[in-house]
Amino acid sequence: MSVPANPRDAVATPGGTTAVGDLAAPPSAGEAMRRSSLWRDAWRRYMQNKGAVFFGGLFLAFTLFCIIWPFVSPYDIENDPVNFQEAWQGPSLKHPLGTDQLGKDLLTKVALGGRISIAIGIGATLAILLIGVVYGSISGFAGGRLDNIMMRFLDALYGLPYLPFAIIVLAIIGTNNIWTMVLALSIASWFTAARIVRGQIITLKENDYVRAAKAVGARWYRILSRHLLPNTLGVLIIAIFLELPGVILGEAFLSFIGLGISPPDASLGSMAQEGRSVYRVHPNAIIIPSIAIAMLVISANFIADGMRDALDPRTRETKEH
Amino acid sequence: MGLLEVHNLHTHFFTREGVVRAVDGISFQVDAGKTLGIVGESGCGKSVTALSLMGLIPKPPARIVDGSVNFMGRDLTKLSERQLEDVRGKEMAMIFQDPMTSLNPTLRIRTQITEVLDRHYGYSKEDARKRAVELLEEVQIPRAAERLDDYPHRFSGGMRQRVMIAIAIACNPKLLIADEPTTALDVTVQAEILDLLEELRREHEMGMIIITHDMGVIAETADEVAVMYAGQIVEQAATQDLFDRPEHPYTEALLGALPQLEGENVRGGRLRSIPGRPPDLIAPPPGCRFAPRCPHAGLGDGCAEHLPELRELRPNHSVRSRHPASERAGERQPVAT
Amino acid sequence: MTAFIIRRLLWTIPVMLLVILLTFLLMRQIAGNPFRRTARAVPVEIQQNLERKFHLDQPWYVQYALYVKGVFTLDLGPSLTLRDRSVNDIIKEHFPKSLELGLLAFIWAIAVGIPMGVIAALRQNTFWDYSLMFVSNVGYAVPSFLIATLLIYYVSLKANLLPTNGWDGGWQYKVLPAFALGLAPMAYFARLVRGSMLETLQQDYIRTAKAKGLRWRRVVAVHALRNSMIPAVTAMAPTLGYIITGTFVIEIIFSIPGIGRYFVTAVSSRDYSVVMGITVLTSFVIVLANLVVDILYGILDPRTRDART
């Protein structure tokens with residue numbers, strides 16, 4: 001399917017604000033000097049956005065917690081002996097989130113699960129971007145007939161149902177570990193990233209400095225690597241955080257229906273899946289890992305929104321009034 | 001008594017960075033059947049003035065903080081939003097700068113014309129249709145009846161501006177405000193649109209306000225001119241007098257920046273631009289707002305400290321400057337203490 | 001407009017062919033064969049007989065051609081593991097439940113999400129805006145299985161208001177699954193519509209409408225609403241993908257005998273024809289939805305009609 005780009009024109013800023021002086025320049029050309037101040041402006045705008053700063057901090061804090069806590073924690077989930085006397089305890093000083101059916105500390109389990117979820121999420125996002133950049137830049141840079149064929153192919157792929165596709169891929173591979181999860185998640189959702197990159201490349205290709213580079217006989221790979229790809233960076237950074245929530249949720253869904261990574265490793269999604277059999281008595285078994293997932297997803301959403309506003313000042317102007 | 005009397009109007013924008021004094025104390029009058037031109041650089045507050053008259057300023061952040069707009073015996077600044085809606089499009093209408101974005105892309109031209117008739121006169125569907133055809137013919141759109149059911153994207157820029165004009169005159173307004181009506185159009189089309197506006201003004205005996213940054217447009221259409229700078233009127237006069245004997249240094253600069261085709265005034269074919277930039281309207285200069293760019297302002301003459309009043313130099317010619325051309329006697333005099 | 005629709009309809013044919021081909025090739029990669037899987041030794045002759053019966057002995061392109069023919073004659077073949085049942089039977093039995101669940105979720109997502117977005121935009125930066133957007137941000141991020149768990153735990157088990165699982169047997173069974181499934185799309189629509197409504201309200205033609213003296217109600221309903229629906233309509237197709245994904249999860253939690261739950265079983269039992277059939281069917285639903293979206297888009301925005309016919 002070809003979703004046409006929204007044809008409406010740019011938002012008109014109402015009267016007075018334009019009188020104040022120049023608005024920040026949009027991220028247009030690739031002059032090196034201006035680029036550095038562009039990033040500084042973007043950073044400043046991002047820091048002004050309270051929600052984005054809060055959730056950015058939360059995301060960072062949770063990630064650090066997941067990495068560090070298992071080393072610091074007094075509990076060793078794998079090697080501690082099973083202790084049924086302490087099974088299904090509620091929150092206490094000793095176990096801030098309580099314990100599971102084997103009497104193990106849930107806080108430590110969440111940290112371990114979070115590690116795997118974040119690793120899979122970031123891994124799959126990077127894979128999505130890698131495939132997207134390769135496919136999108138070939139298509140956009142080549143243009144003409146090849147571009148047309150590649151885009152039609154992409155249109156057709158949009159007809160593929162995401163989850164069944166991922167399930168089939170997992171079934172083909174046969175084993176479920178972090179790498180196969182990354183593969184299954186990325187192979188079914190790189191289409192949008194490819195489209196974004198292609199669009200960006202096509203716009204940039206028309207810029208004068210690219211034409212100038214061509215005119216002096218620069219090789220195509222040089223134009224692509226020196227002039228085009230660096231300028232898609234802003235869009236790609238936003239894309240990372242736009243894709244991340246979907247991938248984290250996708251992993252959680254796959255795990256929840258029993259297609260997650262194989263035990264003893266467990267992601268947050270597989271923790272929730274373990275809780276499926278007991279949630280009627282112990283709802284915490286699903287609720288705790290799910291809240292951790294929700295926290296990651298909501299943070300990534302706010303970060304993506306904040307970044308988009310920071311890198312594209314136009315959208316922000318309309319919000320100020 | 002004039003059709004429209006604006007007195008000491010202040011429209012300010014309350015933004016995060018501070019209060020932007022976009023319109024800062026302007027007064028003028030428009031008589032029935034006459035055209036007032038408001039001219040100035042972009043950002044001088046001329047469009048905000050027009051939107052303030054119509055009650056269309058975006059609030060928040062903008063607000064009319066002081067002054068009055070007397071139109072046909074009522075102060076529009078005192079009316080409620082619903083009362084204003086009854087005036088807008090009926091007695092006072094407006095056309096905008098960019099016809100490409102000013103029409104709704106998803107509605108037929110017919111709907112966009114008839115809805116204003118329906119709103120103010122409650123025309124029946126059939127009557128409204130007939131009237132819409134008449135209006136399109138009046139603004140000289142060929143095959144008017146057929147084009148009624150088209151969408152805006154099938155019209156060229158000039159044709160869309162004609163549609164905008166048809167909408168504006170649909171209810172026979174007493175006052176038509178045209179905000180940069182030709183700026184976005186091709187040069188060839190500009191003259192046609194100006195002629196059309198002029199013709200319609202005469203036939204409908206409307207008062208008109210033309211807002212532009214183009215002195216050529218003023219020369220062609222306006223009976224009287226107000227020159228705006230940094231939210232204030234700096235010079236006001238009959239058009240002929242203003243062009244013949246500009247008084248304010250800013251007006252002189254604007255006229256100097258106008259390309260002249262006759263022999264001696266062509267300075268190597270180059271436009272003279274005004275050095276410097278318009279002032280920041282959050283913290284405008286305490287004295288004359290033009291002082292930082294004014295070639296005649298000197299140290300110790302008070303320009304930088306005290307805002308000059310708008311004073312009448314001669315009948316129907318006012319200026320806000322300590323150094324009007326007629327008092328300079330050609331040469332710039334050292335200021336006597 | 002008619003030409004546009006016909007062109008779009010024709011375009012779905014190569015898309016479906018490609019989707020079938022991709023699924024087909026992928027399925028061939030899955031290790032294992034339903035007839036060789038069992039530990040119990042099946043005599044070689046029987047195995048060969050079965051393979052012949054299901055054309056598994058033919059080269060892949062013949063199998064593909066036969067399969068495509070089957071799809072276009074609406075015969076998806078027999079199940080490989082369930083004796084005497086065809087894929088058509090299985091779809092007929094399970095698909096309507098999933099379709100109903102998906103549609104209910106989709107309808108409530110739109111019916112609530114769009115007005116929510118509009119209200120939030122019209123009341124920008126007020127208490128209403130903030131609370132609606134809070135709900136939307138949370139609803140968008142919380143995995144549906146958490147919502148489902150909480151609902152079952154509090155509404156069904158504690159308060160004993162609605163049944164905990166199942167599907168057939170009246171509306172009581174459908175409320176919780178449809179709510180849980182539709183929450184995230186609802187939140188998504190609300191965010192999207194709020195954003196596009198705010199952008200639309202900034203447009204020049206809105207100022208024109210106000211300059212005509214139109215009542216605010218009409219400015220919003222006639223001029224702003226329609227234009228701000230365009231991004232929401234575009235987003236409907238990807239949302240449908242999300243809902244299909246979601247049905248898999250929701251069907252498992254609520255033990256609904258829908259097609260998603262059946263699919264997972266079919267994959268693990270290597271029932272090629274069922275997996276193929278379900279994948280092709282969902283693809284068809286998605287392609288169809290994209291078609292509807294394109295047509296709706298054409299209706300909403302007259303410019304695209306001219307550009308693409």
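What pattern does chain C follow, read along the sequence? The pattern is α-α-α-α-α-α-α-α-α-α-α-α, and the views below start from there. This is a predicted model, in which local features need pLDDT of at least 70 and side-chain atom pairs count only at pLDDT 80 or more, while totals for chains, interfaces and linings use all residues. Residues are numbered from 1 along each chain as its sequence is written, chains are lettered from A, and ligands are numbered from 1, in the order in which they are written.

**View 1. Chain C, with 12 helices and 0 strands.** Helices here are DSSP runs of H or I with at least four residues, strands are E runs of at least two, and both are numbered from the N terminus. The C-alpha atoms of chain C fill a box of roughly 85 × 55 × 30 Å along the principal axes. Of its 309 residues, 45% are buried; that means 20 or more other C-beta atoms lie within 10 Å of the residue's own, while 12 or fewer makes a residue exposed and anything in between partly exposed, with C-beta atoms placed from the backbone. Take the contacts in chain C between residues at least 6 apart in sequence: 76% of them join residues at least 24 apart. A contact here is a pair of residues whose C-beta atoms, placed from the backbone, lie within 7 Å.

**View 2. Where chain A meets chain C.** On this interface, 39 residues of chain A are in contact with 48 residues of chain C. On the chain A side, helix 5 (144-157), helix 6 (162-173), helix 11 (233-259) and helix 13 (284-311) each give two or more residues. Helix 13 of chain A has the largest share, 8 residues. By type, this side of chain A splits into 31 nonpolar, 6 polar and 2 charged residues. For the sorting, Ala, Val, Leu, Ile, Met, Phe, Trp, Tyr, Cys and Pro count as nonpolar, Asp, Glu, Lys and Arg as charged, and the others, Gly among them, as polar.

**View 3. Where chain C meets chain B.** Here 19 residues of chain C are in contact with 25 residues of chain B. Helix 8 (204-211), helix 9 (216-253) and helix 12 (302-308) of chain C each supply at least two residues to the chain C side. Helix 8 of chain C gives the most, with 6 residues. The chain C side is made up of 5 nonpolar, 5 polar and 9 charged residues.

**View 4. Chain B, with 12 helices and 12 strands.** The radius of gyration of chain B, taken over C-alpha atoms, is 21 Å, close to the 20 Å that the globule rule (2.2 Å times the number of residues to the power 0.38) gives for 337 residues, so chain B is as compact as a globular protein of that length. Of those 337 residues, 46% count as buried.

**View 5. The open sheet of chain B, 8 strands with mixed pairing.** The strand order is 6-7-8-3-9-10-12-11, and two strands pair if DSSP finds at least two bridges between them. At the edges sit strand 6 (92-95) and strand 11 (311-314) of chain B, each pairing on one side only. Neighbouring strands are turned by 20 degrees against each other on average, direction ignored. Helix 1 (residues 46-54) of chain B packs on the sheet, touching strands 3, 6, 7, 8 and 9, and its direction makes about 150 degrees with that of strand 7 (175-179). For these angles, axes are lines fitted to C-alpha atoms, for helices over the stretch in contact, and angles run from 0 to 180 degrees between N-to-C directions.

**View 6. Strand 3 (residues 35-39) of chain B, with 5 of its 5 residues buried.** B:Thr35, B:Gly37 and B:Val39 point one way, and B:Leu36 and B:Ile38 the other. Strand 3 pairs in the parallel sense with strand 8 (residues 207-212) of chain B over 5 bridges; in strand 8, B:Met208 is the bridge partner of B:Thr35 and B:Ile210 that of B:Gly37. Strand 3 also pairs in the parallel sense with strand 9 (residues 224-229) of chain B, over 4 bridges, and there B:Val39 has B:Val227 as its bridge partner.

**View 7. B:Gln232, found in strand 10 of chain B.** B:Gln232 counts as buried because it has 22 C-beta neighbours inside 10 Å. Not counting residues up to four places away in sequence, B:Gln232 touches B:Asp24, B:Gly25, B:Ile26, B:Arg289 and B:Arg320.

Notes: Two residues are in contact if their C-beta atoms, placed from the backbone, lie within 7 Å.
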